[in-house]
Amino acid sequence: MIEQVRKLICVLAAAFGMFSAIPVPDFLYLYQDENIDINNNKYILCAFPVIGLVIGISCQIWVLFCDWLSLSDILRGAGLCLLPLIITGGIHLDGYADTCDALASYASPERRREILKDPRRGAFAIIKLCAYFIALFALCTALYIENACILILIFIFSRCLSGIALLFFILSKNNGMAYDFKAQADQKSRKIILLEAVLTGLILCVFYKLTGLIILITALWNLKRADDIARRDFGGWSGDLAGWVLQKTRIIISAFSASNLFKYPAASRASRSDFSTGITPPPVSVAITISYCANLSDSFFNFSILYPIRAACSCTSHTTLYLYNSFSSQFKILAATARLP
């Protein structure tokens with residue numbers, strides 16, 4: 001039992017040391033006389049979702065902290081963008097940038113694999129990173145406080161899919177870190193990462209009903225589409241592509257968590273608009289309808305141009321609500337003044 005606990009601690013330490021910027025003890029010297037292979041990468045990807053759990057809990061604490069101090073949505077959104085970057089050290093964003101740069105080259109698969117290994121950043125990588133953070137910041141700012149718990153599932157599920165891609169799909173080369181993970185993995189480690197993904201998907205469907213099922217289908221469709229791109233344009237998967245699909249999965253689920261489709265009951269709607277009657281005025285209904293359509297398009301088709309459109313529609317609906325309440329209050333004051341003798 002003690003030996004199993006030691007192995008588990010070693011795997012967690014190796015995973016956090018490889019996929020995060022969190023400092024961990026050097027277990028290589030702590031257990032150098034034990035019969036524990038610290039360099040064995042067999043179960044590291046199984047511990048990969050645990051890092052997502054830590055990131056998700058950190059983001060959840062930040063959301064509650066902002067709500068407790070009544071901080072603005074902009075500060076909350078900025079924190080949700082930066083916290084995962086601080087915890088991971090940007091390792092997955094590096095893969096996202098490299099993959100975007102390689103895809104924008106429209107070169108042969110061999111040339112694209114060379115671009116992935118190039119430490120320099122191209123213009124398209126910078127452009128896509130800027131667009132990604134603008135979209136992510138808009139979605140994190142528009143996040144409903146009632147949907148904040150989905151943050152934990154976002155980071156866990158995205159890492160489950162990334163691990164599945166490396167362990168089950170074809171790799172582009174027979175060397176490198178991704179190849180070591182797959183070569184050393186056994187059937188038990190593959191079953192564990194699958195079980196983690198299934199449990200996370202079940203939690204999504206149980207707690208979020210139909211929307212959770214839509215999220216699950218959309219994320220799996222995105223993984224299938226990414227596998228097609230990896231096979232066609234790169235000859236298979238790599239660590240950079242795993243980081244790319246991880247970031248894409250995050251922003252897809254974030255689009256749902258920031259949308260009215262997710263959880264928007266009548267009581268919440270009335271409290272947001274402060275309508276005594278609970279009836280949404282026509283301009284607000286139009287703005288919210290546009291937001292629904294943008295959310296659906298953003299989630300299913302995953303076009304990058306729709307991210308800022310979705311954010312703009314969400315801002316439009318909130319702005320319309322604010323203006324309606326302001327003008328309504330001013331009208332009531334003028335009407336009361338006009339009735340004075």
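A: A patch is made of residues with over 30% relative accessible area and no salt bridge, where like charges are joined within 9 Å and nonpolar side chains (Val, Leu, Ile, Met, Phe, Trp, Tyr) within 5 Å. A salt bridge, in turn, is a side-chain nitrogen of Lys or Arg within 4 Å of a carboxyl oxygen of Asp or Glu, and accessible areas come from the Shrake-Rupley method with a 1.4 Å probe, only the protein chains shown counting as cover for residues. The model is predicted, so that local features need pLDDT of at least 70 and side-chain atom pairs count only at pLDDT 80 or more, whereas totals for chains, interfaces and linings use all residues. Residues are numbered from 1 along each chain as its sequence is written, and side-chain values use heavy atoms, with hydrogens and water left out.

On these terms, Leu195, Val198, Leu199 and Leu202 make a nonpolar surface patch of about 370 Å². One of these residues, valine 198, lies in helix 10, which spans residues 187-234; helices (H or I, at least four residues) and strands (E, at least two) are DSSP runs numbered from the N terminus. Valine 198 counts as partly exposed because its relative accessibility is 48%, given that buried means under 20% relative accessible area, exposed over 50%, and partly exposed in between (1.4 Å probe, protein chains only).

With a relative accessible area of 9%, serine 238 is buried, and, leaving aside its neighbours within four places in sequence, it is in contact (heavy atoms within 4.5 Å) with Leu116, Leu166, Ser172 and Ala178.

For the chain as a whole, there are 14 helices and zero strands, and buried residues make up 46% of its 341 residues. The protein chain exposes about 17300 Å², of which carbon and sulfur atoms supply 67%. Among contacts between residues at least 6 apart in sequence, 78% join residues at least 24 apart.

The structure also holds seven aromatic pairs, where rings of Phe, Tyr and Trp (its six-membered ring) pair if their centres lie within 6.5 Å, planes under 30 degrees apart counting as stacked, over 60 as edge-to-face and the rest as tilted. The rings of tyrosine 132 and phenylalanine 133 are edge-to-face, because their centres are 5.9 Å apart and their planes stand at 90°. Tyrosine 132 is buried at 4% relative accessibility, while phenylalanine 133 is partly exposed at 26%.
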